[in-house]
Each structure stands twice: as C-alpha cells, then as structure tokens.
Amino acid sequence: MLIGLWQKVFSWYPFLMVMMLEKSWHKALEGEVQKPYILELKHFLEGEKGRGATIFPPEENVLNAFRQTPFDKVKVVLMGQDPYHGPGQAHGLCFSVQKGVTTPPSLKNIYKEMEADLGIPPASHGCLINWAKQGVLMLNATLTVQRGEPKSHYGKGWETFTDAVIRVLCQRKDPLVFILWGRSAKDKCENILNTMSHPHAILTSAHPSPYSAPKFFGCRHFSKTNDLLQKWGKEPINWSVDG
C-alpha cells in the first residue's frame, strides 16, 4: 500500500497524515519506519506544531524528494543539509526553491558552475524539480526546520532516517552517482559508503555557498555525472532547469 506503515505511525496527528512515502520507497524502508525513533520524531513535530511554531517545508512537501524520485528511478543522489527556513522557499528538494521565490546565493553559484561546465545559462527561477523527475534524488539530511531557525530540527531523528535512505541506496547493485558538496554531505554519505562494498561513484567538492564557492567552481560535476551515467548505459541528466 502507498500509505502503509508510515501513516500508521503518524495517523494520530493531522500535520503528518500527508507525509506518506511513495510506494517503492515504502517497500525499501518498511523496516525503518517501524523503529521507535520515528515515533519520537512524530512527538517532537507534534510538540512544535502545538506550541505554534511554523515548520518548513509545508507538510505536503516534507517527503517531496521521495515522491518526485521513486527508489527504483534514482540515478544520482544530491545531498543537502537543512531545508530553507524562509517563507515560501523549501519544498522538499535540496537546493531548490519554489517558482516565484528569489534564487538563493548557493543556487546562483550552482547555475554559474553549470553554465561553465555545460554552457547552460542560468534559469530565471530556482525550482529544480526537472532534475528530480529524471532520477536525481535531492535529499536533505534533515527534512524539516523551524521558520527562521536553521538547523533547529537537527538531532531529532531525521538524520537517522536519511542515513537509512543512503544505506538502502548503497545496497543497490546498479551504480549511482553521489554528488557531495561540502563537508557535511561528504561526511554523512562517506561514513556509510566506506563501510560496505559498492559499485557507486562519489563526486565531492566544496559547498557552493558564497563562502566556499571559489573552491566549488571548476568541479564539473554535471558533465562528470553524465559521463558516468553514459558509461553505465544510463540516460544522462538534462541539467537544464527549464527542461
């Protein structure tokens, strides 16, 4: 079932009733969503909502990355950290913002690198859903945040859940590309990848934020990813944000 155990765990609380895993992800993570920390995470979010905190992204988009990129369609994993904490920004895909929202500085730098690498001019918006639909899992380490409070939902259970996501992806026999920008993404994924034998490729660089962008520019991760996908007989990603 699409709803499965995830809704059974969270169905007591309206805020989380729409947080349902896509069918293939539910099957891959069925054992994980039965663990006690999931219920603890539910209680934390329940308490935040009860005291009037505004949580981003909106509840219908908390699991958007999984809905847009089913487990069996993943070709690339792009690892982020924390959802955007400003109004109207986060919609469940790392680095991406909803159309009509100002493109964040890190994403502007991503566009600059993409243009230098592939000649694709910067998009007029910051919605990266076209990548997700082609098999780029755009995963944040934590999937919710309090408005105006970056990293406010760290240590509440999301990192354990997203570790499990990375682990089940690592266990796949068909190769994936892991794109890891910044120390946080690198440490999170490599701590898991280095514990097992796997066929996957790992591309690392500095984070595209303005503070580290000089070390990010020139990574050529877009063309390198497509070279790897084609080598494996997979369809390359059309990195044009407009499709």
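User: What covers the buried residues of H8?

Analyst: This is a predicted model, in which local features need pLDDT of at least 70 and side-chain atom pairs count only at pLDDT 80 or more, while totals for chains, interfaces and linings use all residues. Residues are numbered from 1 along each chain as its sequence is written, and side-chain values use heavy atoms, with hydrogens and water left out. Helices (H or I, at least four residues) and strands (E, at least two) are DSSP runs, numbered from the N terminus. The cover of H8's buried residues includes strand S2 (76-80), H7, strand S5 (177-181) and strand S6 (201-205).

User: Which residues of helix H8 are buried?

Analyst: Buried means under 20% relative accessible area, exposed over 50%, and partly exposed in between (1.4 Å probe, protein chains only). In helix H8, residues 183-193, the buried positions are Ala185, Lys188, Cys189, Glu190, Ile192 and Leu193.

User: Which residues does Leu180 touch?

Analyst: Contact means heavy atoms within 4.5 Å. Leu180 lies in strand S5, and its relative accessible area of 0% makes it buried. Leaving aside residues up to four places away in sequence, Leu180 touches Met79, Ala185, Lys186, Cys189, Glu190, Ile202, Leu203, Thr204 and Ser205.

User: How is a nonpolar core to be read, and which residues touch the most other members of the largest one?

Analyst: In soluble globular proteins, nonpolar side chains tend to be buried together. A nonpolar core is a set of buried Ala, Val, Leu, Ile, Met, Phe, Trp, Tyr and Cys residues joined through side-chain atoms within 4.5 Å. Here the largest core has 72 residues, and Trp25, Trp131, Phe161, Leu169 and Phe178 touch the most other members. Helix H7 (residues 158-170) gives the most to this core, namely eight residues.

User: Where is Leu169 found, and what does it touch?

Analyst: Leu169 belongs to helix H7 and is buried, at a relative accessible area of 0%. Beyond residues up to four places away in sequence, Leu169 touches Trp25, Phe71, Val74, Val77, Leu137, Leu176, Phe178 and His200.

User: How is a pocket defined, and what is the volume of the largest one?

Analyst: On a 1 Å grid over the protein atoms alone, a pocket is an open set of points where a 1.4 Å probe fits, with protein on both sides within 12 Å along at least five of seven lines; lining residues have an atom within 4 Å of a point. Grid points are joined across faces, edges and corners, and a volume is the space filled by probe spheres set on the points. The largest pocket has a volume of about 510 Å³. Of its 28 lining residues, Asp82, Pro83, Tyr84, Ser106 and His207 are the closest to its centre. S3 provides the largest share of the lining, three residues.

User: How many residues of that lining are nonpolar, polar and charged?

Analyst: Ala, Val, Leu, Ile, Met, Phe, Trp, Tyr, Cys and Pro count as nonpolar, Asp, Glu, Lys and Arg as charged, and the others, Gly among them, as polar. The lining of the largest pocket divides into 15 nonpolar, 11 polar and two charged residues.

User: Where is Asp82 placed, and is it buried or exposed?

Analyst: Asp82 sits in the loop between S2 and H5 and counts as buried, at 17% relative accessibility. The UniProt annotation "active site", from an unreviewed entry, covers Asp82; such annotations may be inferred rather than shown by experiment, and positions follow the numbering used here, with feature names shortened.
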